[in-house]
Amino acid sequence: MNFHIMTLFPEMIQQSLSNSITGRASDKGYISFNAVNIRDYTNDYKHHKVDDYTYGGGAGMLMQAQPIYDCYLSIKNKISEKTDKKPRVIYVTPQGSVFNQKMAAELAKEEDIIFLCGHYEGVDERVLEEIVTEYVSIGDYVLTGGELPAMVMIDAISRLVPGVLSNDESAMTESFNNNLLEYPQYSRPEEWMGKKVPAILLSGDHKKVDEWRLEQSIIRTKERRPDLYEKWLLENPPKPEKKKRKR
Ligand SMILES: C[S@@+](CC[C@H](N)C(=O)[O-])C[C@H]1O[C@@H](n2cnc3c(N)ncnc32)[C@H](O)[C@@H]1O
């Protein structure tokens with residue numbers, strides 16, 4: 001899976017993603033990051049400007065269409081050397097659909113994804129109309145730029161690319177899988193500050209441990225995320241009780 005990120009701050013992306021799990025996965029070749037500086041594509045060779053005032057007035061500057069479009073073309077041309085498939089282009093924006101685990105799983109199947117990170121007041125609408133295939137937000141708040149949202153998405157997607165996590169199991173049991181949050185977990189020592197690890201986890205009975213974990217996941221989801229719990233309940237309706245036979 002290859003992530004191409006159009007940004008005004010490529011170092012920010014390259015530095016952050018080259019650490020921890022994403023860094024290791026990229027060293028091993030499961031994923032790659034290609035952070036491309038939009039400023040390198042401006043036609044303003046003198047001042048290297050990429051933004052300008054908005055027509056109609058209003059606060060702040062807007063990223064101009066031309067450097068973004070040329071940056072996009074250079075990435076798209078490189079991708080089309082190896083595939084005929086048109087890459088998905090995600091503009092990270094507070095005006096998009098809110099990102100979730102389901103989207104991450106779906107995007108993890110792609111070979112190439114292009115992200116566009118906005119800055120200032122955002123981006124000239126015309127280039128968005130021309131290149132963007134989807135608009136995605138990471139939540140209902142406004143950030144300074146699209147770099148953090150793009151990295152949040154890339155991190156979540158990468159975990160679902162086969163081979164990235166050393167233990168494939170761990171993505172399966174993590175929160176949001178099947179609309180449930182993950183159960184509570186404990187490590188050594190068995191007792192800390194007078195708090196003991198639940199006895200069932202020390203029993204060695206894997207079936208009972210699994211049952212306990214599922215039960216805890218359900219309780220936790222119901223308490224902390226009633227919206228998710230409702231979704232889980234719809235997919236897992238309680239089994240009707242068996243009628244007792246009359247004698
Ligand atoms: C200051 S914001 C612009 C906000 C824009 N004026 C608006 O009201 O929708 C600058 C850039 O940050 C990114 N951004 C900010 N908040 C975001 C969010 N919640 N999700 C995804 N991207 C976001 C977008 O790329 C956006 O173009």
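Does H47 count as buried or exposed, and how many C-beta neighbours does it have inside 10 Å?

Modeller: Happy to! H47 counts as exposed because it has 7 C-beta neighbours inside 10 Å. The cut-offs are these: a residue is buried with 20 or more other C-beta atoms within 10 Å of its own, exposed with 12 or fewer, and partly exposed in between, with C-beta atoms placed from the backbone. Residues are numbered from 1 along each chain as its sequence is written. This is a predicted model, in which local features need pLDDT of at least 70 and side-chain atom pairs count only at pLDDT 80 or more, while totals for chains, interfaces and linings use all residues.

H47 sits in the loop between β2 (32-37) and β3 (51-53); strands are DSSP E runs of at least two residues and helices are H or I runs of at least four, numbered from the N terminus. From H47 to M63 there are 16 residues in sequence and 15 Å in space, C-alpha to C-alpha.

The chain has nine helices and nine strands, and 25% of its 247 residues count as buried. An automatic or database assignment supplies the domain bounds, giving domain 1 (2-158) and domain 2 (175-235). Taken over C-alpha atoms, the centres of these two domains are 37 Å apart. The C-alpha trace of the chain spans about 90 × 45 × 40 Å along its principal axes.

Inside, the largest nonpolar core has 40 residues, and I5, M6, I68, F115 and L116 touch the most other members. Such a core is a set of buried Ala, Val, Leu, Ile, Met, Phe, Trp, Tyr and Cys residues joined through C-beta atoms within 7 Å. Beyond its neighbours within four places in sequence, F115 is in contact with F3, I5, M6, I90, V92 and A150, where contact means C-beta atoms, placed from the backbone, within 7 Å.

Y120, in the loop between β6 (112-117) and α5 (125-131), has a positive phi near 55 degrees although it is not a glycine. R188 and P189 are joined by a cis peptide bond with omega of about 5 degrees. Both stand out because most residues other than glycine have a negative phi, and most peptide bonds are trans.

Note on methods: Two residues are in contact if their C-beta atoms, placed from the backbone, lie within 7 Å.
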